[in-house]
Amino acid sequence: MATAPIRRVVLDLLKPHEPTTLEFAQRVASTDGVTGVNVTVIEVDAEVENVKMTVEGDDVDFEAVESAITELGGSLHSIDQVACEDSETPQD
């Protein structure tokens with residue numbers, strides 16, 4: 001059985017101060033199936049930043065997104081929201 005593509009996912013994560021939030025968002029935005037990334041800094045600590053990241057696309061490759069976050073030194077705390085939608089309409 002085929003699964004509906006991920007259109008939007010909201011993540012709660014920790015990221016180091018470097019790379020910057022801009023660089024972090026750009027790297028995640030370059031992953032497969034992603035057409036947009038929105039990052040909101042929630043809290044800044046001496047070592048890390050707590051951020052909410054919204055990732056959108058036609059068919060977000062979540063494993064690629066998670067891998068990019070890890071490669072950048074980030075740590076995924078939770079998946080706070082997911083939107084999956086199969087946009088195909090059966091023909092008569």
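1. Lys15 and Glu49 are both buried, where buried means under 20% relative accessible area, exposed over 50%, and partly exposed in between, with a 1.4 Å probe and protein chains only. Their side chains meet in a salt bridge, at 3.3 Å from N to O, a salt bridge being a side-chain nitrogen of Lys or Arg within 4 Å of a carboxyl oxygen of Asp or Glu. This pair links distant parts of the chain, with Lys15 in strand β1 and Glu49 in strand β3, 34 residues apart. Helices (H or I, at least four residues) and strands (E, at least two) are DSSP runs, numbered from the N terminus.

2. On the basis of the note: this is a predicted model, in which local features need pLDDT of at least 70 and side-chain atom pairs count only at pLDDT 80 or more, while totals for chains, interfaces and linings use all residues. Residues are numbered from 1 along each chain as its sequence is written, and side-chain values use heavy atoms, with hydrogens and water left out.

3. How many salt bridges does the structure hold? There are four, and side chains of opposite charge can pair when their charged atoms come close. One of them joins the side chains of Glu71 and Arg27, at 3.1 Å from N to O, and this pair links helix α2, which holds Glu71, to helix α1, which holds Arg27, across 44 residues of sequence. Glu71 is exposed, with a relative accessible area of 58%, whereas Arg27 is partly exposed at 30%.

4. Another salt bridge is formed by Asp80 with Lys52, the closest N and O atoms being 2.0 Å apart. Asp80 belongs to strand β4 and Lys52 to strand β3, and the two are 28 residues apart. Asp80 counts as partly exposed at 38% relative accessibility, and Lys52 counts as partly exposed at 27%.

5. The strands themselves form an open sheet of four, in the order β2-β3-β1-β4, with antiparallel pairing; two strands pair if DSSP finds at least two bridges between them. Because β2 (36-44) and β4 stand at the edges with a single partner strand each, one side of each is left without a neighbour in the sheet. Neighbouring strands of this sheet are turned by 15° against each other on average, direction ignored. Between β1 and β3 the antiparallel pairing extends over nine bridges, and Val9 has Val55 as its bridge partner in β3.

6. Both helices are placed against strands of the sheet. Helix α1 lies across β1, β2 and β3 and runs at about 145° to β2, while α2 packs on the sheet, touching β1, β3 and β4, with a direction that makes about 15° with that of β1. For these angles, axes are lines fitted to C-alpha atoms, for helices over the stretch in contact, and angles run from 0 to 180 degrees between N-to-C directions.

7. Which residues of α2 are buried? They are Phe62, Val65, Ala68 and Ile69, and they lie on the same side of α2 because they cover an arc of only 125° around the axis, the arc being that of the directions from the helix axis to the C-beta atoms. The face turned away from this buried side carries the exposed residues Glu63, Thr70 and Glu71. The cover over the buried residues of α2 includes β1 (6-16), α1 (21-29), β3 (48-56) and β4 (75-84).

8. Ile69, in helix α2 (residues 62-71), counts as buried at 2% relative accessibility. Leaving aside neighbours within four places in sequence, Ile69 is in contact, meaning heavy atoms within 4.5 Å, with Leu11, Leu13, Phe24, Val28, Met53, Gly74 and Ser75. Ile69 and Lys15 are 54 residues apart in sequence, yet their C-alpha atoms are 8.2 Å apart in space.

9. The largest nonpolar core has 15 residues, of which Val28, Val55, Val65 and Ile69 touch the most other members; a nonpolar core is a set of buried Ala, Val, Leu, Ile, Met, Phe, Trp, Tyr and Cys residues joined through side-chain atoms within 4.5 Å. Two or more residues of this core come from each of β1, α1, β3 and α2, and the largest share, four residues, comes from α2.
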